[in-house]
Amino acid sequence: MSNILLARMGEITLKGLNRGSFEIQLKSNLKYRLKKFGNLKIFQTQSRIWIEPVDEDNPYFATENNAKEIMQAVTQVFGIVSVSLARKFEGGFDAVTQNAIEHVTELLTNHPEYKTFKVDSKRGNKAFPMNSPEICTELGYQILVNFPGLKVNVKNPDFILNVEIRDYNYIYSGKMMAHRGLPVGTSGKGMLLLSGGIDSPVAGFMMASRGMPLNAVYFHSYPYTSEQALDKVKDLARIVSGFSGRMTLHVVNFTKIQLDMYKNSPQDMLTITMRRVMLQIAERLAVKDGCKCLITGESLGQVASQTLEAIAATNEVVKMPVLRPLIGMDKQATCDISRQIGAFETSILPYEDCCTVFVAKHPKTHPHPEDVIEAEKNIDIEAMVEAGVNGTEDIVINPFD
Amino acid sequence: MIYFDNSATTFPSEGVRSIVREYLEDEVSGNPGSLHTLGVKADKLYRECQTNIARLLGADADEIIFTSCATESANTAIRGYVSRNKRSGNKIISTRTEHKATLECLALLEKQGFEVIYLPVDKAGKPNLGLLEEELSKGGVALLCFTLVNNETGSVLPIEEIVDLRNKISRQTAIYLDAVQALGKMKIDLHGLGVDMCSFSGHKIHSVKGTGILYLKSSVKIDPLIYGGGQQKNMRSGTQSLMLAKAFEKALSEAAASMDDSHSDIAKINAYLRSELVKRDAVILSPDDAVPYVLNVSFSGFESETMLHCLEIYKIYVSTVSACSSKAKKVSYVLLESGVDRKIAANAVRLSFSRYNTMDEAKEFIKTIDEIYDTFLVKH
């Protein structure tokens, strides 16, 4: 007997002739993501991917508790729907019974509250002498005999004893849900505008879930924002890269640009002009990195700079598509995803936008195009963008090393 | 580097460093509680240390209890006193400008049913003594908790008047004094002062972190905070560290020896900074009669934290209790309680000095402030 992970694929299985390339990418992503868990064999049968340790004594597969960490890592790989830890063994019905008893014993140790069960069986190996209903009935009986505290409940059991008879026999119960989506790398690359807030990491996560690898850009205004704010953004980048893979975080030294802007642009247009420069800097960095789009965490109407007019005014300075996966989302829904991906607690640390000195008291919420032209007439935008691009520090974020 | 954050912590002096090194490298220092020669030797040195410290503070050796920090001293004194002396009353008098170590103890005691009366303080940070007299006269006051030198403003408590009032009106009331920021900055004679309990911290006077002292007047009985092997007359169980005690002793004796000279040097630096800063529209928030070692100043046009980061660029280190977050601005409660306008308090920065600071550093500081105004000021 040995333990093996069974991961189920989702949307990929609906693909047509190009399905193969999605599967290859998925397996390669899994291999990369699971590097630290030792030498693994990752292979596929139909809509399933199996992950098996090459070395017998791999500790990550030893018990259900030990396996939690590697299972969690599997759930972070987009393209996977769920994952289970299964017992893999050979033999006839006696072996099935023996393994089922061991499996249920371990399960009840971890979950003493379990009182009811049902057996679910699939038989791929038609040479096995019993058919699926027979396996269910007979195995159910054996479990009842061996565990007098358990009862059968086919409608709403506390756990399901899954038995699969294929090339080998497999037994498992329960599954850990993953984030679905498409394998990262099956779409073009995007440049995420990352602030220290709640929204932008979620936006990055959502685009990565559609197969998009990411790089990120952060605008740093030290000493008006602190070094802790930058550390926080690095932490957020690390959290996002847990899903999207290795990324480069560009830290733009934005202080001088912001000060110049502040001196030469009307107060109520400051947020718009600032964002226009940010987008242009981000686009140039994106071109350098081979990214094909920009990603922001904007949500319509959330703040002054996210009204339709303000978005139009900032959008027009770039040629690349600006993807805004949160545009129609409620803040609460965004917070829920943020919690799910483990970013929320970091996002709400208080260092972000520490200094409100550059924020106008009453920013224009519905700027006209002529307002924008007027606001920028005293500013050498091109020089600013150039300075921003050149004054950038690149940090490679690799969460799996 | 210019280090103007000595009220937060100081670096260990060379003398202290060499004592610590000596203890780490040289011998096996015994447990002062052991009966063999190593233990006896350690115990002897330990008592010597206690005696020397007591002498420098105007106390008796067995009134000095070593703790891990001043917060532990405060907890032991305040909680231990009221726990042991329940019959002396249910009221405690203090102010809202105390250090958190005191305020949080008082908050806990309030939950346990004690009545805590917080005296208002004036602009100079001094508690209203008229009200104190009134409250003492009503009776039932177990304890007074005050700070000799405020850590944010340097304001000095009129302790003699407070002790006089207590002696005159309510002799059963004990006085706990937080003297952390006073140590090394002014002469302290504990017997002369007439307080009952007093806390000190070593790392504020160039000792190492992990060194605190509680002065407990011999006639005062308290319950210990930490139970165990009964060390230090059962007031603070746990094996004593001879190394830390020696480090404290060294730091204190150095501070005492240099106090007069350093006080006048720092007073000059303080006066210079005050006059230069006022010319630059800064508001001095430390009262005129504050200790010269602490200078709280509000810079116009810079929120506290922004100024702190600007100075940090020039390797100048200061302190702020006002941290701004995107939602709620945290402003110093000490300044607000002293009646400082919220907007001015939000820009407050604390400079705090030690004997190692120089006039050249002060001049460099002023030069840097000018540069910061030129480079980073955002005019609204």
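Predicted model: local features only at pLDDT ≥ 70, side-chain atom pairs only at ≥ 80, totals over all residues.
**Domains of chain B**

Chain B is split into domain 1, made of residues 2–7 + 258–376, and domain 2, made of residues 14–254. Taken over C-alpha atoms, the centres of these two domains of chain B are 28 Å apart. Where the two meet, 23 residues of domain 1 of chain B are in contact with 21 residues of domain 2 of chain B. On the domain 1 side, the elements of chain B that give two or more residues are α8, β10 (294–298) and α10 (333–337). Of these, α10(B) gives the most, with four residues.

**Packing of α2(B) and α8(B)**

Two packed helices are described by the angle between their axes and the distance between the axes. In chain B, helix α2 (residues 37–57) packs with helix α8 (residues 242–279) at an angle of about 30°, and their axes are 9 Å apart. Angles under 35 degrees count as roughly parallel, so α2(B) is roughly parallel to α8(B). The crossing of α2(B) past α8(B) is left-handed. From α2(B), the residues that make the contact include B:L45, B:C49 and B:I53, and from α8(B) they include B:F248, B:L252 and B:A256.

**Residue classes**

The table lists the kinds of residue found in each contact region.

| Region | Nonpolar | Polar | Charged |
|---|---|---|---|
| Contact of α2(B) with α8(B) | 11 residues | two residues | two residues |

Notes:
Residues numbered from 1 in each chain as written. Chains lettered and ligands numbered in written order. Axes fitted to C-alpha atoms, helices over the stretch in contact; angles between N-to-C directions. Parallel < 35°, antiparallel > 145°, perpendicular 65-115°, else oblique. Left-handed = near helix turned anticlockwise from the far one by under 90°. Contact = placed C-beta atoms within 7 Å. Nonpolar A, V, L, I, M, F, W, Y, C, P; charged D, E, K, R; others polar. Domains from an automatic or database assignment.
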